[in-house]
Amino acid sequence: MATRKTAKLAAGLMAGALLFGVTACSGSSDDSADATGKVYYLNFKPEQADDWVALAKAYTEETGVQVDVQTAASGTYETTLKSEMAKSEAPTLFQVNGPVGLQTWKDYAADLSDTEVYAQLNDQSIALTNDDGNPVAIPYVMETYGIIYNKAILEDYIATDGAKITSADEITSFDTLKSVVEDIQAKKDDLGIDGAFTSAGFDSSSDWRFKTHLANIPLYYEYKADGIVGQPESIKGTYLDGFKNIFDLYISNSTTEPSLLSGKTIDDANSEFALGKAVFYQNGTWAYNDIKDQKVDDADMGMLPIYIGADGEENQGLTTGSENYWVVNSEASEADQKATKDFLNWVISSDTGRDTLTNTMGFVTPFKTFADYESSNPLVQADAAYTAAGKTAVTWNFTTMPSEEWKNTLGQAMLAYAQGTGDWDAVRATFVDNWATEVELSNQG
């Protein structure tokens, strides 16, 4: 086991790690801090980087315990984690994205059976366990994604001659969505917008929306049809025609020519939506902080399911799950492990922590301690409306994707297809054939 750890961390040292954010701490790493324990959190979510720094500072001011927060740049978390774990001052708290991620870091995952973050879970079965059945990874946010839309502009469209719908409630299938999107694109000048969809950027800040989140939808329907639980050794790609259809809709009816997508970023998409230049934007509840308080009122933000033409999709809700699991580093000192567990308990039980996670970060959390904290995020409220209407949420199956390499290769093939330098057969091949290859490689590791 020690040899495997050494090899893994040596690989991390050779990788180019990217960190941003600042340290939030009190005092210095002196003997006192070593005696009482300290916390180093490597955060996964760039959009909440500053929020975590502020929360850490509040905890330090209240308790005197040193808390450092660093955030990996978008798309670099695994590389950054390997690099940071190789250092003498390694993270005491880090994240995995699900069962596949935990498999990589299981040797560093402390037993969390005795923690409040485990005791306070509404459903303890959602915690990830080790080979002995002990909880070692705790989800701290349940998130939702779909197609965010501007209700006001959609109402303006509905008022045009020949509009394809009379209400947003009529969009319950890919065919209807397609007819609306294409008609909006044809009328974009009259509506005063640049396109129906925001740009489908494929730089590292944005490509995960397609190579991971959009790719989840055909996986969901294949897993559902074939009764698949967990990670299969191979997949068939049964619903890839639908995957192609929705991707084509995105890139053919947007603010940006497909040939320019390689340089488009998540900031571009956020701005296009927030400034009212596009009606539709594939992203999730976490995007709220990036698009609020500009030209789109909260009351005008809604979210639609991502439709691909699958049978029964009219009963489909939004896509809900978690890829954010807290793990306490079992290699940290006992004092640091205790300090880290105490910090997490404060985050989910204090007024400051709960208000920050709910209202500043806009999270929906899976803990009993948040029963009195209702999110003001309109995208969270959209998900609650679908649930109340009896719609079936789409699960997050992308946590079973075999590797980052699989995602990256798929993203490259999708971009080549969008730009006209590749074909859809290459996308299909990377999706299906490369799955089996990457699963086999991961099992060998």
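Predicted model: local features only at pLDDT ≥ 70, side-chain atom pairs only at ≥ 80, totals over all residues.

Residues are numbered from 1 along each chain as its sequence is written, and side-chain values use heavy atoms, leaving out hydrogens and water.

**Stop one: helix α7**

Select residues 151–158, helix α7. Helices here are DSSP runs (H or I, at least four residues), strands are too (E, at least two), and both are numbered from the N terminus. Which residues of α7 are buried? They are Ile 153, Leu 154, Tyr 157 and Ile 158, where buried means under 20% relative accessible area, exposed over 50%, and partly exposed in between (1.4 Å probe, protein chains only). Now look down the helix axis: the buried residues of α7 fall within an arc of 145 degrees, so they line one face of the helix. That arc is taken from the directions from the helix axis to the C-beta atoms. Their cover includes β7, α8 (174–186), α9 (188–191) and β9, with contact meaning heavy atoms within 4.5 Å.

**Stop two: helix α16**

Jump to residues 378–388 for α16, whose buried residues are Pro 378, Leu 379, Val 380, Ala 382, Asp 383 and Tyr 386. Show their neighbours too: the buried residues of α16 pack against β7 (143–150), β9 (278–284), α13 (288–291), β10 (301–304) and β11 (316–321). Just past the helix, click on Gly 390, which has a positive phi of about 85 degrees.

**Stop three: salt bridges**

The whole structure has 17 salt bridges, each a side-chain nitrogen of Lys or Arg within 4 Å of a carboxyl oxygen of Asp or Glu. Pick Lys 38 and Asp 336, which form one of them at 3.6 Å, N to O. The two sit 298 residues apart, with Lys 38 in the loop between α2 (31–36) and β2 (39–43) and Asp 336 in helix α14 (residues 334–349). Are they buried or exposed? Both Lys 38 and Asp 336 are buried.

Glu 182 is partly exposed at 34% relative accessible area, and Lys 178 is partly exposed at 32%.

Last, select Asp 189 and Lys 188, a salt bridge whose closest N and O atoms are 3.8 Å apart. Asp 189 is exposed, at 64%.
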